[in-house]
Amino acid sequence: QVQLVESGGGLVQAGGSLRLSCVASGRTFRSYTMGWFRQAPGKGREFVGTIDWSGGSSNYADSVKGRFTISRDNAKNTVYLQMNSLKPEDTAVYYCGARADVGGSMWPADYDSWGQGIQVTVSS
């Protein structure tokens with residue numbers, strides 16, 4: 001299995017920025033498609049974005065497109081979520097997921113491993 005540990009969350013004012021990190025261990029990181037999801041209170045887990053094994057292809061939800069950027073550093077077994085121009089509606093617990101398949105997916109059920117989740121709170 002792949003073990004994922006997230007960090008970098010916290011409280012930020014609207015318009016500010018945060019960068020989340022997800023460090024992977026246990027399996028070859030490069031072979032996994034990585035995804036970011038989020039879950040607000042009372043809601044299901046929502047797709048945020050994915051990045052492929054090479055870091056050359058990414059996909060984003062419309063709600064974050066142009067504001068969030070996913071990147072990965074395979075040498076460090078780490079994937080990042082850079083969040084800019086944050087809005088109160090971005091407030092959620094954010095999860096890093098790993099998928100042991102070639103293609104990316106927007107569906108949580110397609111992911112094999114998850115981080116513990118990290119809180120991001122954006123104040124008005």
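**Loops, strands and core of a predicted chain**

User: Where does S85 lie?
Analyst: In this predicted model, S85 sits in the loop that joins β8 to β9.

User: What is called positive about phi of S85?
Analyst: The phi angle of S85 is near 50°, which is a positive value, and the residue is not a glycine. Most residues other than glycine have a negative phi.

User: Why is S85 called partly exposed?
Analyst: The label covers the range between buried, under 20%, and exposed, over 50%. The relative accessible area of S85 is 41%, so S85 counts as partly exposed.

User: Why is I70 called buried?
Analyst: Buried means under 20% relative accessible area. For I70 the value is 5%, so this residue is buried. I70 is part of strand β7.

User: Which residues does I70 touch, not counting residues up to four places away in sequence?
Analyst: I70 touches W36, G49, T50, I51, Y60, V79, Y80 and L81 on that count. With one of them, G49, I70 has a C-alpha to C-alpha distance of 7.2 Å, while 21 residues separate the two in sequence.

User: How far apart are A40 and T91 in sequence and in space?
Analyst: They are 51 residues apart in sequence, yet their C-alpha atoms are 6.7 Å apart. A40 is placed in the loop between β4 and β5.

User: With what is A40 in contact, leaving aside its neighbours within four places in sequence?
Analyst: A40 is in contact with T91 and A92. The term requires heavy atoms within 4.5 Å.

User: What are the residues with the most contacts inside the largest nonpolar core?
Analyst: They are M34, W36, V79, L81, M83 and Y94, in a core of 33 residues. At least two residues of this core come from each of β3 (18-25), β4 (33-39), β5 (46-51), β7 (68-73), β8 (78-83), β9 (92-99) and β11 (118-123).

User: Which residues is M83 in contact with, leaving aside its neighbours within four places in sequence?
Analyst: M83 is in contact with G16, S17, L18, L20, R67, F68, Y94 and V120.

User: How many helices and strands make up the secondary structure of the chain?
Analyst: The chain contains 0 helices and 11 strands. Its pattern along the sequence reads β-β-β-β-β-β-β-β-β-β-β.

User: What percentage of the 124 residues of the chain count as buried?
Analyst: The figure is 44% of the 124 residues. The chain exposes about 6200 Å², of which carbon and sulfur atoms supply 48%.

User: How many positive and negative side chains has the chain?
Analyst: There are 12 positive and 10 negative side chains, and the centres of the two sets are 3 Å apart.

Notes. Residues numbered from 1 in each chain as written. Predicted model: local features only at pLDDT ≥ 70, side-chain atom pairs only at ≥ 80, totals over all residues. Heavy atoms only, no water. Helix = DSSP H or I, 4+ residues; strand = E, 2+ residues; numbered from the N terminus. Buried < 20%, exposed > 50% of the residue type's maximum accessible area, 1.4 Å probe, protein only. Areas by Shrake-Rupley, 256 points an atom, 1.4 Å probe, with all protein chains shown as cover. Lys, Arg positive; Asp, Glu negative; His and termini not counted. Charge placed at Lys NZ, Arg CZ, Asp CG, Glu CD. Core = buried A, V, L, I, M, F, W, Y, C linked by side-chain atoms within 4.5 Å.
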